[in-house]
Amino acid sequence: QVQLAESGGGLVQPGGSLRLSCVPSGSIFSINDMGWYRQAPGKQRELVAELTRDGVTNYADSVKGRFSLYTDNAKNTVDLRMNNLRQEDTAVYYCNPEFLIGSDGTTWNGWGQGIQVTVSS
């Protein structure tokens with residue numbers, strides 16, 4: 001069974017930076033893809049950034065040029081680096097990875113527990 005642990009959130013001033021991590025535990029062969037989502041109060045969960053299994057990165061228009069994904073294949077992680085944060089980035093952020101967990105092609109997909117990011121002066 002795979003478990004996820006998110007870290008790196010917190011309170012930051014506008015213009016600041018944070019780096020979110022989503023670290024898995026359990027028996028994993030490799031990471032297939034990763035999606036980072038966020039949900040602000042009263043709003044639907046939205047996709048912020050993703051790394052597809054083809055190696056393509058996609059970003060929401062609202063974060064392009066400010067957010068970046070960083071892959072560590074040895075750790076099976078894809079971090080979300082957030083620069084020049086704005087108040088409207090305030091939300092709970094969730095990771096949603098898919099891992100290859102079996103030599104027969106078995107995969108696992110799940111959600112992190114969510115981590116609060118608050119941008120405020």
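This is a predicted model: local features need pLDDT of at least 70, side-chain atom pairs count only at pLDDT 80 or more; totals for chains, interfaces and linings use all residues.

User: How many disulfides does the structure hold, and which residues form a disulfide?

Analyst: A disulfide is a pair of cysteine sulfur atoms within 2.5 Å. The structure holds one disulfide, and its sulfur atoms, 2.0 Å apart, belong to C22 and C95.

User: How many residues apart in sequence are the parts that the pair C22 and C95 ties together?

Analyst: Strands here are DSSP runs (E, at least two residues), numbered from the N terminus. C22 lies in strand β3 (residues 18–25) and C95 in strand β9 (residues 91–100), so the pair ties together parts whose separation in sequence is 73 residues.

User: Is the disulfide of C22 and C95 right-handed or left-handed, and are both cysteines buried or exposed?

Analyst: The torsion about the S-S bond of C22 and C95 is about 55°, so this disulfide is right-handed. Buried means under 20% relative accessible area, exposed means over 50%, and partly exposed lies in between (1.4 Å probe, protein chains only). By that scale, C22 and C95 are both buried.

User: In β8, which residue is the bridge partner of D72?

Analyst: D72 is found in strand β7, which covers residues 67–72, and D72 counts as partly exposed because its relative accessibility is 28%. Two strands pair if DSSP finds at least two bridges between them, and β7 pairs with strand β8 (residues 77–82) in the antiparallel sense over six bridges. Within this pairing, the partner of D72 in β8 is T77.

User: Which residue in the turn between β7 and β8 has a positive phi?

Analyst: β7 and β8 form a hairpin with four residues between them. In that turn, the residue with a positive phi, of about 60°, is N76.

User: In the hairpin of β4 and β5, which residue takes a positive phi?

Analyst: Strand β4 (residues 30–39) and strand β5 (residues 46–51) run antiparallel and are joined by five bridges, with W36 having A49 as its bridge partner in β5. The hairpin has six residues between the strands, and the residue with a positive phi near 80° is G42.

User: How far apart are the closest N and O atoms of R53 and D33?

Analyst: A salt bridge is a side-chain nitrogen of Lys or Arg within 4 Å of a carboxyl oxygen of Asp or Glu, and the structure holds seven of these salt bridges. R53 is exposed because its relative accessible area is 52%, whereas D33 counts as buried because its relative accessibility is 18%. R53 and D33 form a salt bridge in which the closest N and O atoms are apart by 4.0 Å.

User: Which residues are linked with R38 in a network of salt bridges?

Analyst: E46 forms a salt bridge with R38, with the closest N and O atoms 2.7 Å apart, and the side chains of R38 and D89 meet in a salt bridge at 2.9 Å, N to O. The latter pair links distant parts of the chain, with R38 in strand β4 and D89 in the loop between β8 and β9, 51 residues apart. R38 is buried because its relative accessible area is 6%, whereas E46 is partly exposed because its relative accessible area is 34%. In the network, R38 is linked with E46, R66 and D89.

Technical notes. Residues are numbered from 1 along each chain as its sequence is written. Side-chain values use heavy atoms; hydrogens and water are left out.
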